[in-house]
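Q: I'd like to go through this one with you, from the overall build down to single residues. Can you keep the terms defined as we go?

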Amino acid sequence: MDAEYHRQGGIIEFWRAVELFSPQQVPKVDKFDTLSPVEKVTPRDLLPWEHGHRLRISPRRAGYERQHIVYFGVYRIDDVWSAVDEILAPGEENYDPRPSGECALAALVVDKYGCVVSGSEVLSGLAWAAGRTCNPGPGSASWLHGLDDAQKLLTELLDDEQHINPRCGCRLPLDTERLSAIRRRIAALVGVNGMIDCAEIRVRSVEVKQSDGVDGTDFLNSFIAADLGMVAGRVAAGDIGTGLAHYLTEDAVLDTARRVDVSAVPAASFVACRPEAIPPGRWPGKPEHPLALGQQFAVNTIMDELHSNAGIFAVNGPPGTGKSTLLRDLVAAVVVERADRLAHLASPADAFTATPHRWKAGEYTRVVQRWTDAFHGFEIVVASSNNGAVENISFEMPAADAIHSDRFDTDYFADIATALLNDTGKDSKAWGLTAARLGRKSYRTGFTNTLWFDEKSSGKKATRRGLQSILKEFESAGPTRSWHDAVAEYRRARDAVAAMIDERQHGYERYRERAHRDSELRAVLDQVEAHTEALRSAAGIEVVQRGTVDRLQQGRATVENELAAHNEQRVAWWRMSRGAREERRLWQSHHTRLTDALAVWEEKYADAFAAHQHTMQKLVDLRGTHDQLAQRSDAVRYRRNELDCTLDELRQRWGGAMPGPEWADDPDRELAAPWSDMALNEARSRLFVAALALHKEFLAQVPKQMRQSMHGAMDVVAGNAPHDLDPAAVADAWRTLFFVVPLVSTTFASFDRVFRGLGREALGWLLIDEAGQATPQNPVGAIWRSRRTVVVGDPLQLEPVVTLPFRAQQAVRGAFGVDERWLPGRSSTQSIADRLTRWGTTLRGDDEPIWVGAPLRVHRRCAEPMFSVVNTIAYGGTMIHGGNPQPDGDLPPSQWYDVTGTSNGHFVQAEHDRLVELLEDLVSREHPMDDVIVLSPFRDVARRLAGLRSRYDGITAGTVHTAQGREAKVVVLVLGGDPAREGAKRWASSKPNLVNVAVSRAKQRLYVIGDRAAWSRHPRFDVLARELDRHAEWSR
């Protein structure tokens, strides 16, 4: 087992090395930036914190101050690659583009006076790794070990370089001379003197809340490299967990024979969607809108396979197929499961063990209850490498329009949830505190402040109560009803759902029996037919055999008669003459012949008679079996007719939710899961609402314990708890928060800082969104901390952005001795998880088929022609439209505006001019600009498009990569493209991903602007041109 831990740890160490070589970029010099000016340090200029500098004065915003990020030794990233290229892969021609941009050897934060903020210093992992690549080199076992030691040396270096004011003993502000000296020593520390040009120092000035400081301190390195190093060490020691061990499974040991293609085997979905497998809780959406078959299959199978077990499950979610809807139902299922456990408590206090956790927070003591094992594993975290994806989920779930409020009138801390939405810039009302955006420190601080504290007017009067005040009020007022009554109310809702599910399960069993009876009847009728034919054949044989017996019987009788007559002619024994003796001899000879002949006839007759008797018995047996089969077929028909009557009655009650007899062959079966009728959907949704009410009642029953525990949780969430806090205390603090707020979101970049102190499998559920866009190493720390992982995404949308050139990835991989499967340039989180999932389907790939996880196939976002474009280029026509595919509104129809012109790089001015004409036309039609997205495949075009934001308020403009997770009624794709660089078009069309994402953002209209002849001869774009032409003809 040690060898396996070593292999798994080696993969993570390889990924860490890739991350060390993948730095963040430092900002360019821009001293006139109004938000965060950046200046180059020179001997003749004042530093931003020095008297006389324009930034020395305090910011205008009350409660804010300036801090400054100092970047020591700015260097070009591609210079590092030039320096280490020959060491990593000597003698090979390199056609990979090198990463662009700039980084720095180290960075730190100084306060408004120019004094170093303790603990803010960070060393560049890339610069350090470059120095280590030269010495001791990749061949050394310690090649990329020791970054933490180097970081400590940086801290010591800074302590040594900071001068002390002898009068007060405090540190003096840094000046230009000190900055230069620090830079020189850092260059020597990382070993890059003479390797790269790194003489420049820059300072970025930012305004921060006085209570917060700069948000985060690692301004140079990968956000996940340190966490990968920590997890690699734990894994090598055997502390890995089921989910991460599964994630790191080698392809060679996967049992692919167990895979079930649910698209090819509809019975797999039908069985998985049986009523008893449907979770009791449902998100309170419209009851008349059940989940699609693929969504319900995924929810049911996830809960079945992961409810009591650790592991990973992958869902293939093409654009517009309802991934968020699926995740909402998962949340509802988990919350109801926890409510079930609450309902088993004789007293709410039984949820806790006897001895709580305690720690000091300044002069206060925090007291956090220890939750019993029954309440472990309900924590739900949504994570992604895409900021927009996690924010969408955490903003959408609490919003009032996320539920069918006309039918489900509920309030789960709606005022607090609304305030949290407003904090994020969303001017909308919330229905419930079901999700929260965490992540970066400023988000966490804002969340804790809004959740915990009252919102007060200028007169200091609370205009909105925070959770702290609500719990204190519960303490003073006491519960309004007994726990027994609260549980009884919940159980009524639970029992109602259970009864309805039992009834539908009975219907499912009758449906399955009806199908079985059909199969049984076909088998019986086949047997009847076979026995009828056997009877016909046996009867014919019997006629022939009877004739043979009669013929043989007559022949035997003839010989018997002849023998009797011959016996009468026997010569008397007493005659002794010579003639008599001759007569006697002749008589005896003839007698022998007759006797022998009779024996032959007797044998033939006996054989024929026995054969005939056997056939007669066979006829009797066949007639008996035939009669039994006829009776059996009549009984099966009768039972089938009974079942038909029962099923017809159920169809009248449950409508389309009751599957038809040809369900498996109906292509529309994907549109809705069977058995999810309106009545059941409504009852399940009401159960989720009742579950939230029971959670809220629990707070009223044990308000002091929950207030104290939540106070500790607020410290943990905000990052203010002691760093050496017992992991069990951290876990219970988080369990308290998740009890109140079922789901939180964060990016992978912030995951280790948000959940600092949590150990292996401390979180219950990890839901990874847009997993196709995440590198395979992105979720490692999150998976390690989670018991169950659900991976949702699509390998045919945008692929991960990996800045390390592929050739360099191969070189680093070789140094660590890991398989090519783990190369970030060839895999994503989604593709790694897809191969592990038993239930899935096969998509057509350019080179070979692609196995993906449980597929979602009902698309509801895009009208035509966008739907047909993405369905053709990416999904082989396997998606079906779940609504009306025809576009609505009076905007010009989707079309390709054929524009040619000279280019500046990939930017074509004529295309930009046509774009402006189009946008002006949309403005004249009063189409809102916040419902328009303008995209381009190329960055230099996108940079020019960004200028549109100042002219058209609310418009979104950028590269296709910036648009994943977004949607709008109108999307404009500005192609650009340097006519002299045909390779750029080949790159954009080499895979379906880019066109798939660009087109699938558009809900109602897609306008393409560019050189039609030049682009439409490339794959994907030929389909785009053809479908737009077909749509234009239809529109006319």
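What follows is a working conversation about this model.

Q: What should I know about the model before we start?
A: This is a predicted model, in which local features need pLDDT of at least 70 and side-chain atom pairs count only at pLDDT 80 or more, while totals for chains, interfaces and linings use all residues. Residues are numbered from 1 along each chain as its sequence is written, and side-chain values use heavy atoms, with hydrogens and water left out.

Q: OK, how many helices and strands does the protein chain have?
A: The protein chain has 31 helices and 28 strands, where helices (H or I, at least four residues) and strands (E, at least two) are DSSP runs numbered from the N terminus.

Q: And what is its radius of gyration, next to that of a compact globule?
A: The protein chain has 40 Å, whereas a compact globule of 1036 residues would have a value near 31 Å; the radius is taken over C-alpha atoms, and the globule rule is 2.2 Å times the number of residues to the power 0.38. The C-alpha trace spans about 175 × 80 × 70 Å along its principal axes.

Q: What share of the residues is buried?
A: Of the 1036 residues, 54% count as buried, where buried means under 20% relative accessible area, exposed over 50% and partly exposed in between, with a 1.4 Å probe and protein chains only.

Q: Switching to aromatics, how many pairs are there in the whole structure?
A: A search of the whole structure finds 32 aromatic pairs; rings of Phe, Tyr and Trp (its six-membered ring) pair if their centres lie within 6.5 Å, and planes under 30 degrees apart count as stacked, over 60 as edge-to-face and the rest as tilted. In one of these pairs, the rings of Tyr508 and Trp675 have centres 6.0 Å apart and planes at 80 degrees, so the pair is edge-to-face.

Q: Which parts does that pair tie together?
A: Tyr508 lies in helix α15 (residues 483-568) and Trp675 in the loop between α16 (578-654) and α17 (678-701), so the pair ties together parts that are 167 residues apart in sequence.

Q: Are those two buried or exposed?
A: Tyr508 counts as buried at 6% relative accessibility, and Trp675 is buried too, with a relative accessible area of 0%.

Q: Which residues make up the cluster around them?
A: Ring pairs link Phe270, Tyr508, Tyr511, Trp654, Trp663 and Trp675 into a cluster.

Q: Now helix α14, which of its residues are buried?
A: In α14 (residues 467-477), the buried residues are Leu467, Gln468, Ile470, Leu471 and Phe474. They cover an arc of only 165 degrees around the axis, which puts them on the same side of α14; that arc is the one of the directions from the helix axis to the C-beta atoms.

Q: What covers them, and what is on the other face?
A: The cover includes α12 (414-423), α13 (441-452), α17, α18 (703-718) and α19 (727-740), with contact meaning heavy atoms within 4.5 Å. The face turned away from the buried side carries the exposed residues Ser476 and Ala477, and just after α14, Gly478 takes a positive phi of about 80 degrees.

Q: Last topic, what is the strand order in the open sheet of three strands?
A: The order is β6-β17-β18, with mixed pairing, and two strands pair if DSSP finds at least two bridges between them. The strands β6 (260-261) and β18 (850-852) stand at the edges, each with a single partner strand, so one side of each is left without a neighbour in the sheet.

Q: How do β17 and β18 pair?
A: Strand β17 (residues 839-843) and β18 pair in the antiparallel sense over three bridges, and Thr841 stands opposite Val852 in β18.
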